Amino acid sequence: MNFIISGKNIEVTPGLKDSVISKLGKLERYFTPDTEIIVTLSVEKDRQKIEVTIPVKGDIIRSEQTSTDMYVSIDLVEEVIERQLRKYKNKLIARHQEGSAFKQEFFEEEPAIDSTDEIQIVRTKKFGIKPMFPEDACVQMELLGHDFFVFSNAETEEVNVVYKRKNGTFGLIEPEFQ
């Protein structure tokens, strides 16, 4: 695995780098040697955050964990990635897809089936989408008390999503067709 480790407002010391590589290196049994793992360490006030992104065949496995200690954040992110990999494995097996970024042992391992790992859609909701600007969609989302809002962008005429970020700001998701 190829680790790309960077830091924002923090110097990536050899100790931190070794800790990331040894902890996330446990995932090596799942991936082919040329798989990239992008790690960003950052510090904001007394929050130590690690973001891990692993692109795999059109999908992205990603986790972001925050704590008061970077080493705790590293431990947390490894656990979350491992859980996501179990879910992803079940998805690949269920759809009979080829996971070219994964080693064969990943599929041959006994599945750790946990009922909490199964994806269950428990509610479907339909609603009319009217054209509006992203700023108006944010206001509507706030009025509804939701964390996200789906709308038709009046500028692009495409379906977009606005969402509330952890730091209180807003994000916009726009589709990109390939």
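On a 1 Å grid over the protein atoms alone, a pocket is an open set of points where a 1.4 Å probe fits, with protein on both sides within 12 Å along at least five of seven lines, and its lining residues have an atom within 4 Å of a point. Grid points are joined across faces, edges and corners, and a volume is the space filled by probe spheres set on the points.

Before we look around: this is a predicted model, where local features need pLDDT of at least 70, side-chain atom pairs count only at pLDDT 80 or more, and totals for chains, interfaces and linings use all residues. Residues are numbered from 1 along each chain as its sequence is written, and side-chain values use heavy atoms, leaving out hydrogens and water.

Let's start with the second largest pocket, which holds about 240 Å³ of space. Its lining is Lys125, Phe127, Leu144, His146, Phe148, Phe149 and Val150. Strand β6 (residues 148–153) gives the largest share, three residues; strands here are DSSP runs of E, at least two residues, numbered from the N terminus. Sorted by class, the lining has five nonpolar residues, one polar and one charged.

Now for the largest pocket, with about 390 Å³ of space. Eight of its lining residues are charged, two are polar and one is nonpolar. Among them are Glu44, Arg47, Lys49 and Tyr163. β3 (47–56) and β4 (59–67) each supply at least two lining residues.

Definitions and conventions:
Helix = DSSP H or I, 4+ residues; strand = E, 2+ residues; numbered from the N terminus. Nonpolar A, V, L, I, M, F, W, Y, C, P; charged D, E, K, R; others polar.
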